[in-house]
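Try each task yourself before you read the solution.

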There are 2 protein chains.
Amino acid sequence: MYQLTARDIRRRNRFGVLQAVYAAVGHSSRQEIARATGLSFATVGNMISELLDVGVLVELGYDAPGIGRPRAQLAINPERGMLVGVDIAETALHFDLFDLAMTVQRSVEIPVDPAATEPADVVALITRGIGELTAADADKVLGVGLSVPGLVEPVGGVSVFSPYWHWHDVPLAQLLEQQLSYPLYLDNPLKASTAAHLWFGAGRDVDDLIVVTLRAGVGIGVVVEGMLYRGVTNSAGEWGHTNLVLDGRECRCGRMGCVEAYVGAPGIVRTLRELAPSSPLIDADDAVTIAAIAAAADRGDAVALEVIDKTGNYLGVTVANLVNLFNPRTIVFGDLVADHLGARLLDVTRRVAARHAMTDPFAAVTLQLSTLPHNPASLGAATFALEGFLADRETFGSIAARRALRTSTP
Amino acid sequence: MYQLTARDIRRRNRFGVLQAVYAAVGHSSRQEIARATGLSFATVGNMISELLDVGVLVELGYDAPGIGRPRAQLAINPERGMLVGVDIAETALHFDLFDLAMTVQRSVEIPVDPAATEPADVVALITRGIGELTAADADKVLGVGLSVPGLVEPVGGVSVFSPYWHWHDVPLAQLLEQQLSYPLYLDNPLKASTAAHLWFGAGRDVDDLIVVTLRAGVGIGVVVEGMLYRGVTNSAGEWGHTNLVLDGRECRCGRMGCVEAYVGAPGIVRTLRELAPSSPLIDADDAVTIAAIAAAADRGDAVALEVIDKTGNYLGVTVANLVNLFNPRTIVFGDLVADHLGARLLDVTRRVAARHAMTDPFAAVTLQLSTLPHNPASLGAATFALEGFLADRETFGSIAARRALRTSTP
């Protein structure tokens, strides 16, 4: 049986309270937080005392006097510490340093040499990047989160399988711990993007959502009742390699007819090639081609519009499958493909999904584009570090013990 | 934010302890229950006191003396009350009366007149069936569970949509409450079958499983961390109408290429007709045809074997999609099609799924046939009533209050 302890609930409530403060953007009162979370005023008060004690929240004074008691205004204390988010992508590593209000303070980007992608090479780049990023603030860093492509085992910090560099069972956290003294948190970009949306995007409004990442690779993250759904080996959400077309296009994974082969950036470029083999929109860089398709569609280019239409037809069928299987409240589309083809692609997708999905769950779902202002992979990686800090038994355990002591001492 | 209260945990632990006692089949000790659930000995002791107080458990005495303290043996008290499970199917209503050990005490079956399927007609049949079933034991019934086809809103007891009889928003619980005074619990056969497997089947061993129901209609139930996953409008698991073949066969839902059109009983019969239009295996009753295919395959009949092979190829692809999306520990196949074509169909399905699923989640999953000894829909419906009784705030709230009073009174 899955065990759920009082500590789980406490941590979950702590996350909920803090998510409400982040969502308020600026400041919030205990009353507003209780309303936003649905938690009792007593629980909210309790969690806030804890968060004030550890310095995560600060009181900004009271709201303007009027009818009723004045309300203490609470805000995140940006100076409490810093978080690092690292997006490890195929061609470059991207590093962001956030204050605790999740505002980017500094960024660093380091290209990856395609000839030097052994674990030791990448570990050296990560160490260098974090060094440059945190130089002046090394003692303020509460934790480092890394978005690592492929299949990740987050508890041990192992890259189980990385599709770009053909890594198998690389103990990445262990290798990094020899160079870095920060707490480390690893997971893949789908999970990172989903954590970012859960804390700072659509997850502010709903508890059940699916985050669809559309870049070269595609995949989903599923949030159930406010929690990231991982599956038994943390590989839930491998939607990119579910079958869309029986005996269809060969996918780069070697299987036939995968979703990714149709709605990932290279798949969309392939659709364009099939329609117009010598189209001037085609560039060696798929990202440039996707941007060119978007620009051409804006000009009314028939081929570009047909590419978007076909892609939306594929996407709509498989999104309908997600609606039928998961019955979520919201599906958010983000990353490269959504950034460029966004509104047009979503229109077709929605129309096709409406035809293929069951009536009732489709009526319950909203399909929308991501509104996150930042690279969701690095923001999400930093969110792992934030969650790790907030779940830290040393920080919060000692606080709880101290508070218990205080209460029990006359 | 999703609220999780101390009462939720308490109820969940209570379910867990009782599931362990049912799984032990016969009797069990506090020590064995603590081991099986992973709960602390204190929590187990606490839950068992509660369950003894309300008479759900009984102590049978102590195990044979040996090394260590003797252990009190606990068992379900079958006489504590009775539960009714009703399976509402297209052609007949099936009623089972269970004691609290979930042993069938009596059964009733009433055919449905195809010309009389208005809500009032079916309500009259249900009332009649329950009356016949419980005549001698009316005062012992703790609750009635109903498995209602289609989309069900369980909290209000509404049949939102029933595919057989074209019901829309029928307030079934409300209509039945005018005739019956028992607590009523409604959900659909997928959810019922999943609840049955969670308590009495594969769910005894794993916390993350998918139950695949294969009869005329097909669908799945998903169990995540020991809890039935419902989605935001209780329609999660509508796998039968996910798309398997783009622009494929017309499904009886009106869409094209649905999973159900290939692996549901009528879909399999259609595959047979396509291969051998005048096959002697074909009967007007699909269930008879499926049985005939199974018997012919046992004789080595080439057409029958090809039907199973094709069906397994379809099933394997879509099961691989479930493995990739949900990353479960176990997938159980049950009901009509699995009962007849079971082992042969599962062999092909497993082989094809291995080819289509991602390597790691496929390595983590076991595909198996259901071993439940009983109609999973009526057993599952009775399980809803069992869960309802165990979650009853009156029964357990008053117990908790009484216990608190007892402890606090000097």
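**Exercise 1. In which helix of chain B is Leu390(B) found?** Describe its surroundings too.

*Solution.* Some ground rules come before the steps. This is a predicted model, in which local features need pLDDT of at least 70 and side-chain atom pairs count only at pLDDT 80 or more, while totals for chains, interfaces and linings use all residues. Residues are numbered from 1 along each chain as its sequence is written, chains are lettered from A and ligands numbered from 1 in the order in which they are written, and side-chain values use heavy atoms, with hydrogens and water left out.

Step 1: Leu390(B) belongs to helix H13 (residues 376-390) of chain B. Helices (H or I, at least four residues) and strands (E, at least two) are DSSP runs, numbered from the N terminus.

Step 2: Leu390(B) counts as buried because its relative accessibility is 0%. Here buried means under 20% relative accessible area, exposed over 50%, and partly exposed in between (1.4 Å probe, protein chains only).

Step 3: setting aside neighbours within four places in sequence, Leu390(B) touches Arg14(B), Phe15(B), Leu18(B), Leu51(B), Val56(B), Trp199(B) and Phe396(B). Contact means heavy atoms within 4.5 Å.

**Exercise 2. Work out how H1(B) and H3(B) meet.**

*Solution.* Step 1: the axes of helix H1 (residues 6-24) and helix H3 (residues 41-53) of chain B come within 10 Å and cross at roughly 85°. Axes are lines fitted to C-alpha atoms, for helices over the stretch in contact, and angles run from 0 to 180 degrees between N-to-C directions.

Step 1: H1(B) and H3(B) are therefore roughly perpendicular. The classes are roughly parallel under 35 degrees, roughly antiparallel over 145, roughly perpendicular from 65 to 115, and oblique for the rest.

Step 2: on the H1(B) side, the contact residues are Arg10(B), Asn13(B), Arg14(B), Val17(B) and Leu18(B); they meet Thr43(B), Val44(B), Asn46(B), Met47(B), Ile48(B), Glu50(B) and Leu51(B) in H3(B).

Step 3: sorted by class, the contact of H1(B) with H3(B) has six nonpolar, three polar and three charged residues. Ala, Val, Leu, Ile, Met, Phe, Trp, Tyr, Cys and Pro count as nonpolar, Asp, Glu, Lys and Arg as charged, and the others, Gly among them, as polar.

**Exercise 3. Do likewise for H8(B) and H9(B).**

*Solution.* Step 1: helix H8 (residues 265-275) and helix H9 (residues 286-298) of chain B have axes that come within 9 Å and cross at roughly 60°. That makes H8(B) oblique to H9(B).

Step 1: Ala265(B), Pro266(B), Ile268(B), Val269(B) and Leu272(B) in H8(B) meet Asp286(B), Thr289(B), Ile290(B) and Ile293(B) in H9(B). This contact has seven nonpolar, one polar and one charged residues.

**Exercise 4. Is S11(B) mostly covered or uncovered, and which strands does S11(B) pair with?**

*Solution.* Step 1: strand S11 (residues 209-214) of chain B is mostly covered, with six of its six residues buried. Leu209(B), Val211(B) and Thr213(B) point one way, and Ile210(B), Val212(B) and Leu214(B) the other.

Step 1: S11(B) pairs with S12(B) in the antiparallel sense over six bridges, and the two form a hairpin with three residues between them. Two strands pair if DSSP finds at least two bridges between them.

Step 2: S11(B) also pairs with strand S14 (residues 330-334) of chain B, in the parallel sense over five bridges.

Step 3: follow Ile210(B), which stands opposite Val222(B) in S12(B) and has Ile331(B) as its bridge partner in S14(B).

**Exercise 5. What is the strand order of the open sheet of three strands in chain B?**

*Solution.* Step 1: the order is S7-S8-S9 in chain B, with antiparallel pairing. Strand S7 (151-153) and strand S9 (167-170) stand at the edges with a single partner strand each, so one side of each is left without a neighbour in the sheet.

Step 1: three bridges join strand S8 (residues 158-162) to S9(B), and Ser159(B) stands opposite Val170(B) in S9(B).
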